[in-house]
Amino acid sequence: MDHLPEAEWPQEGRERIIVPAPVAIVGTGQSTGEHEALARLGPDTVMMMGDNPALPRMPEAPTLLDFFRLRITGITGRHLLTAAKRAMDEGQEEKIVLACLLHDISNACLIRSDHGYWGAQMIAPYVDEEVAWAVQQHQALRYFADSSVGYEYPESYHRFFGADYVPPDYIRRDAEAARAHRWYMSARLVTLYDRYFFDEVPVPDPEFLTDVIGRNFRQPAEGLGFDGSPTAHMWRTMIWPNNFL
Ligand SMILES: [Fe+2]
Ligand SMILES: [Fe+2]
C-alpha cells in the first residue's frame, strides 16, 4: 500500500466523491447517489478522477503481476493464485496454468455478470487464442458435469443459486459447443482447478508465476492499459475503478 502524502495525489486537498458504477447498483434499491453528488460539488468537492488514495498506486507501465499485487486481491485474487499453483504443481502445461490464473480476472476488479466472457475479451490481445477460449468457456462448462474427468456440478452452486437453478439457454448452447471443440479439455481443466479452497492454504506469492507469464503473456512495453489495444480501456478501468467518467 502506498503511503504518499495527500499532496502527491491528484485532486489534492479536495473531497473526492465516488459515484458507484451503475452495474453494481441497478436493481438493488440502493441509490448511485448521483443527485446528491451533483448537489455537493464545489471548490472543495469534486468527482473522483485518477488515482484514488484509498487504493495502492499502480506503476506507470503496469504489468500483469502488478495487477495481481495491487488490484486483483481479496477472495478472487486468492482463488486465482491458488488455482494456478495447483495446476502448476500437478504438472499442467503452462497455457493451462495461465488460463487458471486468469479465468476469473473480471470478478476481481471489473464485473461479475458474464465474467468468463469479459475476462476472455480483456486478455485476448495478450495470450494464445486457446487460453482466452478456455477462460470464456469455463463459465458455461462449470454448470455441466463430465464424469469422464471426474467433474461434478459444483456443490457451491447449489448454495449460491439454489438447488433448482437452471442455467439459461445461451450457457447451455455455449457449453454444448465447447464440448465438441478441439480445445474442450483446456477449458475443462480450468473447471477442474476452479475450486474454492480459500481457507486451506496460504495465498501464494504471485512471484511464482514470473516465468509462466514471461513466456505466455505478451506484456506490452507501454503497460497494460496504455498500449492502444482493443481492450486497453478494461485494464485502465481496473487501474481507476472509481473514475466518474
Ligand atoms: Fe469463473
Ligand atoms: Fe473460479
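Visitor: Does A187 count as buried or exposed, judged by its C-beta neighbours inside 10 Å?

Guide: In this predicted model, A187 has its place in helix α11. A residue needs 20 or more other C-beta atoms within 10 Å of its own to pass as buried. A187 has 27 such neighbours inside 10 Å, and it therefore counts as buried.

Visitor: Which residues does A187 touch, when those up to four places away in sequence are not counted?

Guide: Contact is judged here by C-beta atoms that lie within 7 Å of each other. With residues up to four places away in sequence set aside, the residues that A187 touches are W133, A134, Q137, H138, L141 and A178.

Visitor: How many of the 13 residues of α8 are buried?

Guide: The buried residues of α8 are V131, A132, W133, A134, V135, Q136, Q137, H138, Q139, A140 and L141. What covers them includes α5, α7, α10 (169-179) and α11. Helix α8 is largely enclosed by the rest of the structure, because the buried residues among its 13 number 11.

Visitor: What distance separates the end C-alpha atoms of α8, and what span should its 13 residues have?

Guide: The expected span takes 1.5 Å times one less than the number of residues. For the 13 residues of α8 this should come to 18 Å, which agrees with the separation of its end C-alpha atoms, also 18 Å.

Visitor: Which helices do the buried residues of α5 pack against?

Guide: Seven of the nine residues of helix α5 (residues 94-102) are buried, so this helix is largely enclosed by the rest of the structure. Those buried residues are I96, V97, L98, A99, C100, L101 and L102. The helices they pack against are α4 (74-89), α6 (105-109), α7 (115-123), α8 (129-141), α11 (184-193) and α12 (210-216).

Visitor: Which residues have the most contacts inside the largest nonpolar core?

Guide: The largest nonpolar core has 49 residues, and those with the most contacts inside it are A84, A99, C100 and I123. At least two residues of this core are supplied by each of α3 (64-70), α4, α5, α6, α7, α8, α11 and α13 (232-239). To return to the residues asked for, the most contacts inside this core belong to A84, A99, C100 and I123.

Visitor: What is A84 in contact with, leaving aside its neighbours within four places in sequence?

Guide: A84 is one of the residues with the most contacts inside the largest nonpolar core. Once its neighbours within four places in sequence are left aside, the contacts of A84 are V97, C100, L101 and L209.

Visitor: Where does UniProt place the feature "domain: HD", and what percentage of the chain is helix there?

Guide: The UniProt record, an unreviewed entry, places "domain: HD" at residues 81-139.

Visitor: Where does D114, which has a positive phi although it is not a glycine, lie?

Guide: The phi of D114 is about 55°, and with 15 C-beta neighbours inside 10 Å this residue counts as partly exposed. The position of D114 is the loop between α6 and α7.

Visitor: How far apart do the C-alpha centres of domain 1 and domain 2 lie?

Guide: The protein chain is divided into domain 1 (6-47) and domain 2 (64-239). Between the C-alpha centres of domain 1 and domain 2 the distance is 32 Å.

Visitor: What radius of gyration does the protein chain have?

Guide: Along its principal axes, the C-alpha trace of the protein chain spans about 65 × 40 × 35 Å. A compact globule with 245 residues would have a radius of gyration near 18 Å, which agrees with the value for the protein chain, 20 Å.

Note on methods:
Residues numbered from 1 in each chain as written. Chains lettered and ligands numbered in written order. Predicted model: local features only at pLDDT ≥ 70, side-chain atom pairs only at ≥ 80, totals over all residues. UniProt positions renumbered as here; feature names shortened; annotations may be inferred. Buried ≥ 20, exposed ≤ 12 C-beta atoms within 10 Å, placed from the backbone. Helix = DSSP H or I, 4+ residues; strand = E, 2+ residues; numbered from the N terminus. Contact = placed C-beta atoms within 7 Å. Core = buried A, V, L, I, M, F, W, Y, C linked by C-beta atoms within 7 Å. Domains from an automatic or database assignment. Rg over C-alpha atoms; globule rule 2.2 N^0.38 Å.
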